[in-house]
Amino acid sequence: MSTFIIGDLHGYHEQYIHLLRETGLCDSETNWSGGHHHLWLIGDFFDRGVSGIKCVDITMKLQEQAVLEGGCVQSLLGNHELMILCAYRFKNEVNSEGRQVVDRWRHWGGIEQDLEEFTPQHANWIETLPAMARVGQALLLHADAMLYINFGTTIEMVNTAFRELMASRELHQWEMTLTAFSEHMAFSELEITGKHRASQVLNLYGGEFLIHGHTPIPYARRVDPLSVTEAWIYGDGTCVNIDGGIYMGGPGFVYELHDSII
Ligand SMILES: [Mn+2]
């Protein structure tokens, strides 16, 4: 059994299907063909690309099918899931900056059709997503940001706090979280500080190394998106960035966690 992890899709459903087929996780009809393997999505299905809804619908379908085969499909919560859920819930309400919530979401790359096709089922699904997870020795989190430590000292506490936020009507709390969630490169900027932050997170939640998306590798490393075909491992092997920058034109890739590591 292997665990496969796919990074930020940002609405690029065709690339998603391509990656799944290439890895043998789905067939030509986009039905689960991954048997007992596990698949994790790192979050950020929505905004910027054609259809975040299609990316989520594919994932929800595969999730149901995989269980019947003894496999498993799971996803983390990305900041863009929180953003579209915020736009869906608070739509025309005005935030602390005097701006309509839905307008700010558009500014972040929101795609009108995603919001039109967004149903209560999509909202319910997003609300169940964990912000953080452990897979063997790997700690999975969406963002290379420090906000998680403000949500609790255990993975369970962090996930509960995010669920409570998503159930709340406190727009101010949503906004503060979205701002904190938009931090990038906490583990890679200023080499020594970055390493220190990564070990702080690993010491708190456990795991030998952390895996994240959120910051496109072509952006972080200033390289051509087309050249990014594998994860970027940094911080002496303690951090793995799996965001190939699909929305920047990168081909994307599937990261495989081997049994030996699990
Ligand atoms: Mn993100």
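This is a predicted model: local features need pLDDT of at least 70, side-chain atom pairs count only at pLDDT 80 or more; totals for chains, interfaces and linings use all residues.
Biologist: Which residues of helix 8 (residues 171–181) are buried?

Modeller: Residues are numbered from 1 along each chain as its sequence is written. Helices (H or I, at least four residues) and strands (E, at least two) are DSSP runs, numbered from the N terminus. A residue is buried if 20 or more other C-beta atoms, placed from the backbone, lie within 10 Å of its own, exposed if 12 or fewer, and partly exposed in between; in helix 8 the buried ones are Trp174, Thr177 and Phe181.

Biologist: Within what arc do the buried residues of helix 8 fall, seen down its axis?

Modeller: The arc is that of the directions from the helix axis to the C-beta atoms. The buried residues of helix 8 line one face of the helix, because they fall within an arc of 70 degrees.

Biologist: What do the buried residues of helix 8 pack against?

Modeller: Turned away from the buried side is a face with the exposed residues His172 and Thr179. For packing we use contacts: two residues are in contact if their C-beta atoms, placed from the backbone, lie within 7 Å. The partners of the buried residues are helix 3 (79–90) and helix 7 (155–167).

Biologist: Which strands are at the edges of the open sheet of 4 strands?

Modeller: Two strands pair if DSSP finds at least two bridges between them. This sheet has mixed pairing and the order 3-2-1-9. An edge strand pairs on one side only, as do strand 3 (72–75) and strand 9 (254–257).

Biologist: At about what angle does helix 2 (residues 52–68) run to strand 3?

Modeller: Axes are lines fitted to C-alpha atoms, for helices over the stretch in contact, and angles run from 0 to 180 degrees between N-to-C directions. Helix 2 lies across strand 2 (38–41) and strand 3, and its angle to strand 3 is about 145 degrees.

Biologist: What is the order of the open sheet of 5 strands, and where are its edges?

Modeller: The pairing is mixed and the order is 4-5-6-8-7. At the edges, each strand has a single partner, so one side is left without a neighbour in the sheet; these are strand 4 (132–135) and strand 7 (232–234).

Biologist: Which residue in strand 8 is the bridge partner of isoleucine 211?

Modeller: Strand 6 (residues 209–212) pairs with strand 8 (residues 239–241) in the parallel sense over 3 bridges. Helix 9 lies across both of these strands, at about 105 degrees to strand 6. The bridge partner of isoleucine 211 is valine 240.

Biologist: Which residues does leucine 140 touch?

Modeller: A nonpolar core is a set of buried Ala, Val, Leu, Ile, Met, Phe, Trp, Tyr and Cys residues joined through C-beta atoms within 7 Å. The largest has 68 residues, and Leu140 is among those that touch the most other members, along with Ile5, Leu76, Cys86, Met132 and Leu141. Not counting residues up to four places away in sequence, leucine 140 touches Trp40, Leu76, Met132, Ala133, Val135 and Ile211.

Biologist: What is the phi of threonine 30 near?

Modeller: Most residues other than glycine have a negative phi. Threonine 30, in the loop between helix 1 (13–22) and strand 2, is partly exposed, with 18 other C-beta atoms within 10 Å. Its phi is positive, near 60 degrees.

Biologist: Is glycine 11 buried or exposed?

Modeller: Glycine 11 sits in the loop between strand 1 and helix 1. Beyond its neighbours within four places in sequence, its contacts include Phe46, Asp47, Cys55 and Ile111. There are 27 C-beta neighbours inside 10 Å, so glycine 11 counts as buried.

Biologist: What is the radius of gyration of the protein?

Modeller: The secondary structure comes to 10 helices and 9 strands. The radius of gyration is taken over C-alpha atoms, and the globule rule is 2.2 Å times the number of residues to the power 0.38. That rule gives 18 Å for 262 residues, so the protein is as compact as a globular protein of that length, with a radius of gyration of 17 Å.
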